[in-house]
Amino acid sequence: MSLVVVGSVAFDSVETPQETRENVLGGSAVYFSYAASFFTGVRLAGVVGEDWPPEHTHLLRGRNIDLAGLQTVPGGKTFRWRGRYLADMNSRETKELHLNVMENFNPVLPDHYRRCPFLFLANGSTDIQLKVLDQCPGATLAVADTMDHWIASQRDLIDEMLRRIDGLVLNDTEAKLLTGEQNLVTAGKRTLEFGPRFVVIKKGEHGAMFFSKHECYVLPAFPTAHVVDPTGAGDSFAGGMMGYLAQQREFDPEHLKLALAYGILTASFTVEGFGLDGLIAISRDDIERRMTEYRKMLSF
Ligand code: AMP
């Protein structure tokens with residue numbers, strides 16, 4: 001079962017205490033798609049400039065990622081982001097953000113995208129996320145991500161989006177900003193009052209919390225000592241989670257809990273390599289082997 005994602009497609013420059021790399025393939029929709037491709041076919045919608053090299057297209061197509069919805073702007077430059085991680089590898093600062101072709105991005109989804117029942121609105125401007133929702137009225141599971149920048153600058157649009165989606169994925173600081181609550185359990189429950197049927201709060205190396213009307217639980221991250229580059233961990237989490245749900249064609253509480261675990265495990269591979277390298281190095285079997293270890297770790 002296919003899954004549609006709309007989000008950023010980027011050239012990232014990433015500085016970690018060990019290493020700096022310039023203009024590596026990244027963006028929320030790219031990490032999401034690659035992670036989800038271990039589970040299902042993915043249809044990516046986004047925008048790039050004329051500087052987009054054909055090898056990136058080949059890499060993504062090779063993963064069964066449909067790029068019919070990826071627009072190329074003649075003469076335009078692809079979105080660029082530069083981030084720097086502090087010594088703990090958890091905190092990061094955005095040093096540069098150049099929207100470039102994303103600034104005037106008008107998503108127009110191909111017809112076969114509009115019929116997809118599973119939709120993920122990856123991190124990006126809220127007005128774009130709403131335009132995509134308008135084009136997919138039949139989506140049976142629409143889930144969104146957002147970030148502090150949009151919560152602070154597009155609050156009215158965020159509120160509208162929350163009324164229209166089924167699930168929201170966001171990190172702990174964003175949940176606090178959205179609700180004004182410092183306690184994460186309270187913040188998760190408050191977020192449900194804005195509309196979504198479930199909310200996932202990502203806590204980086206501390207795992208993820210799940211909230212719905214009847215449930216509230218936390219799953220730990222898969223412990224790894226080998227953290228090379230955390231960029232894209234959140235998007236890979238969402239890709240693993242939504243990819244599993246789309247593959248199963250189910251999103252009842254049992255499947256949602258397993259999907260959260262698959263998201264956590266997929267993200268654990270992302271952080272073990274620079275950029276997409278951690279995901280490029282693995283297969284679905286590696287994820288399943290880690291799932292066996294994770295289940296053992298959690299049984300007592
Ligand atoms: P994550 O580490 O999961 O938060 O995702 C990092 C990715 O998000 C990078 O590849 C960036 O290119 C992308 N990104 C950073 N800032 C933004 C933004 N404001 N809008 C959309 N994508 C962004």
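This is a predicted model: local features need pLDDT of at least 70, side-chain atom pairs count only at pLDDT 80 or more; totals for chains, interfaces and linings use all residues.
Visitor: Let's start with the ligand. Which residues come nearest to it?

Guide: There are 18 residues around the ligand, and S8, D12, G27, G232 and D235 come nearest.

Visitor: What does the side chain of D12 do there?

Guide: An N or O atom of the D12 side chain sits 2.5 Å from an oxygen atom of the ligand.

Visitor: And which backbone atoms come in?

Guide: For G27, a backbone N or O atom is 2.7 Å from a ligand oxygen. G234 also brings a polar backbone atom, at 3.1 Å from an oxygen atom of the ligand.

Visitor: How much of the ligand does the protein bury?

Guide: The protein buries 91% of the 510 Å² that the ligand exposes when taken alone.

Visitor: Which elements give two or more residues to that shell?

Guide: Strand 2 (10-15), strand 6 (79-85), strand 7 (92-98) and helix 9 do. Helix 9 gives the most, with three residues.

Visitor: Okay, new topic: D229. Where is it?

Guide: D229 is in the loop between strand 13 (216-219) and helix 9 (233-248).

Visitor: Is there a partner of opposite charge, or what's the nearest one?

Guide: D229 is buried and has no salt bridge. The nearest side chain of opposite charge belongs to R92, which is 6.8 Å away.

Visitor: So what does the side chain of D229 reach instead?

Guide: The backbone nitrogen of G275, at 2.9 Å. The D229 side chain also makes a polar contact of 2.6 Å with the side chain of T231.

Visitor: What else is D229 in contact with, leaving aside its neighbours in sequence?

Guide: Beyond four places in sequence, the contacts of D229 are V14, Y85, M89, T270, V271, G273, F274 and G275.

Visitor: Let's do salt bridges. How many in the whole structure?

Guide: A search finds 19. One of the pairs is R43 and D66, at 3.9 Å from N to O. That pair links distant parts of the chain, with R43 in strand 4 (residues 42-49) and D66 in strand 5 (residues 65-73), 23 residues apart.

Visitor: How far apart are the closest N and O atoms of R284 and E288?

Guide: They're 2.9 Å apart, and the two residues form a salt bridge. R284 and E288 are four residues apart in helix 12 (residues 284-298), so about one helical turn separates them. R284 is partly exposed at 22% relative accessibility, and E288 is partly exposed too, at 27%.

Visitor: And what about R84 and E93?

Guide: Their side chains meet in a salt bridge at 2.9 Å, N to O. R84 is partly exposed, with a relative accessible area of 31%, while E93 counts as partly exposed at 33%.

Visitor: Last one: which residues are linked in a network of salt bridges?

Guide: E15, E22, R82, K95 and E96 are linked that way.

Methods. Residues are numbered from 1 along each chain as its sequence is written. Side-chain values use heavy atoms; hydrogens and water are left out. Buried means under 20% relative accessible area, exposed over 50%, partly exposed in between (1.4 Å probe, protein chains only). Lys and Arg count as positive and Asp and Glu as negative; His and the chain ends are not counted. A salt bridge is a side-chain nitrogen of Lys or Arg within 4 Å of a carboxyl oxygen of Asp or Glu. A polar contact is a pair of N or O atoms within 3.5 Å; within protein, one must be able to donate a hydrogen and the other to accept it, and residues adjacent in sequence count only if both atoms are side-chain atoms. Contact means heavy atoms within 4.5 Å. A residue is near a molecule or strand if one of its heavy atoms lies within 4 Å of it. Accessible areas come from the Shrake-Rupley method with a 1.4 Å probe; for residues, only the protein chains shown count as cover.
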